[in-house]
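Dear colleague,

I am passing on the structure we spoke about, with my notes on it below. Please read them with the model open beside you.

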Amino acid sequence: MALSASGLGSGLDINGLVSQLMAVERQPLTAMARKEASFQAKLSAFGQIKGSLSALQTAANALKDAARFSATKATVGSDAGFTASTASGAAVGNYAVQVEQLARTQRIATSATTSFDPVDGTVGAPQTLEIRFGKMVGGAFEAGETVDGTFTPGAGAAKTLEFTGSSIEDLRDAINKGDLGVSASVIDNGTAKQLVLTSKNTGADQAFSIGGTVGLNYTPGADAGTSSDPVYRLQSSQDARVNIDGIVVTRGSNTVSGAIEGVTLTLAKETDKPASLAVNEDFAGARSAIDAFVKAYNDTQGTLKNLTAYNAETKAASTLTGDSTARSIQSQVRNLVGGALSGLGDTTRLADIGVTFDKDGKLTVDGSKLDAALKDPNRGVAAFFAGSGDTKGLAATVSDGLKNFIDSDGLLAGRTEGINSSIKLIGKQREAFEARLESVQKRYQAQFTALDSTIASMTQTGNYLTQQLASLPGFA
């Protein structure tokens, strides 16, 4: 392959000349890059606006829940023997509550002196264990202790287990695998292995009797029996008894609901005297949601202001200065939040409950006025935010209005789609222009190479003529 070096014949810096010419030719690419960067900045700016509007919509949606404005809280006195939780709209008041009796499961055990040996179910037909649930009735509550009465079996058939094992451990495992409503364990007390059966649920109607051919027989009664009996009672099933302001309430569980409207008591221990229970309105959740809404609105306005601002001193514009879409969003969002609503009672706008606009267009909260409005049922703050019937409240009004901006077919989606199209167009223009530049560079290179060759030829001819002339007689 022949070697060539541009400029060798003429002394011209062909590569340098071509490079300088191409720098001029490439200037439109710089303009394209600046324009693309401007579009990218706008795309990012509209992304920021969408994010702030989405946050505002989330804050507005949190205020759609009217239950926030009727929340309550329970305060329990010391050493109460119970805890309390409340639902929205719970009956406000003060109560004296005493846990007279906890709900319990029935628990029985085989003899503590002689290990229980079940009838072997591996020989011949399987042995059976029958369990029938029922209720102890006719007992009395005396001096804090339950005295069993008569066991009344419940309706329906007994639950039956077919036992095919031979040991107490086999029987335990079979009971635990079966759907019998009881759990079983084996305890080795050092003298004997005892089988312990416990009902899975508390309550007086969870008493159970046992029978069948496996060798266990027991019917609940007033007599608990002794530890030397084949089967004796460790604990009776019983209902919980709670005294609320002198009224005795019974439940089969240690979770007592419905006795006080909207209040759930969780019983932990029996007590010998009443403890106080105060149920009060709790507006902390509503106040927190309103504060979050105010912050989200102010953040949105701050974002819009920063992106559309113009600094007169430095004559510096922001990314969206003069942008009609941003200005439109800014004014429409303010109208959504600050507009008046009708058909929802005495509160028609945020200013009525102490939330007003300052000179910069941001919301400020008069905490005292807002707290007073939340406590005033005539003010109807819940309806104002959450709506009533078919009438939208402020929360839904704002949330639905924001959809016009941030939904997939909203204003921002249309605007960003247009920007993306412009960016793609610039990309295509750049590709076409760079392809043209490649051919221009080749042309310049060819032209200067030809010029180099021409100059080299002319130089060679000149040198030859000079030599010839110098050889002529008298030429000096």
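How many salt bridges does a search of the whole structure find? The search finds 12, where a salt bridge is a side-chain nitrogen of Lys or Arg within 4 Å of a carboxyl oxygen of Asp or Glu. Before the details, please note that this is a predicted model, in which local features need pLDDT of at least 70 and side-chain atom pairs count only at pLDDT 80 or more, while totals for chains, interfaces and linings use all residues. Residues are numbered from 1 along each chain as its sequence is written, and side-chain values use heavy atoms, with hydrogens and water left out.

One of these salt bridges joins Arg241 to Glu100, with the closest N and O atoms 3.5 Å apart. Because Arg241 lies in strand E14 and Glu100 in strand E3, the pair ties together parts that are 141 residues apart in sequence; helices (H or I, at least four residues) and strands (E, at least two) are DSSP runs, numbered from the N terminus. Glu100 is buried at 17% relative accessible area, whereas Arg241 is partly exposed at 21% (buried means under 20% relative accessible area, exposed over 50%, and partly exposed in between, with a 1.4 Å probe and protein chains only).

Lys193 and Glu169 form another salt bridge, their closest N and O atoms being 2.8 Å apart, and this pair links strand E11 with helix H3 across 24 residues. Lys193 is partly exposed at 33%, as is Glu169 at 23%. Elsewhere, Lys392 meets Asp400 at 2.6 Å, N to O, and Arg287, Asp291 and Asp371 are linked in a network of salt bridges.

Lastly, Gln206, in the loop between strands E11 and E12, counts as buried at 17% relative accessibility. Leaving out residues up to four places away in sequence, Gln206 has contacts (heavy atoms within 4.5 Å) with Gln106, Phe133, Gly134, Ser199, Asn201 and Ser237.
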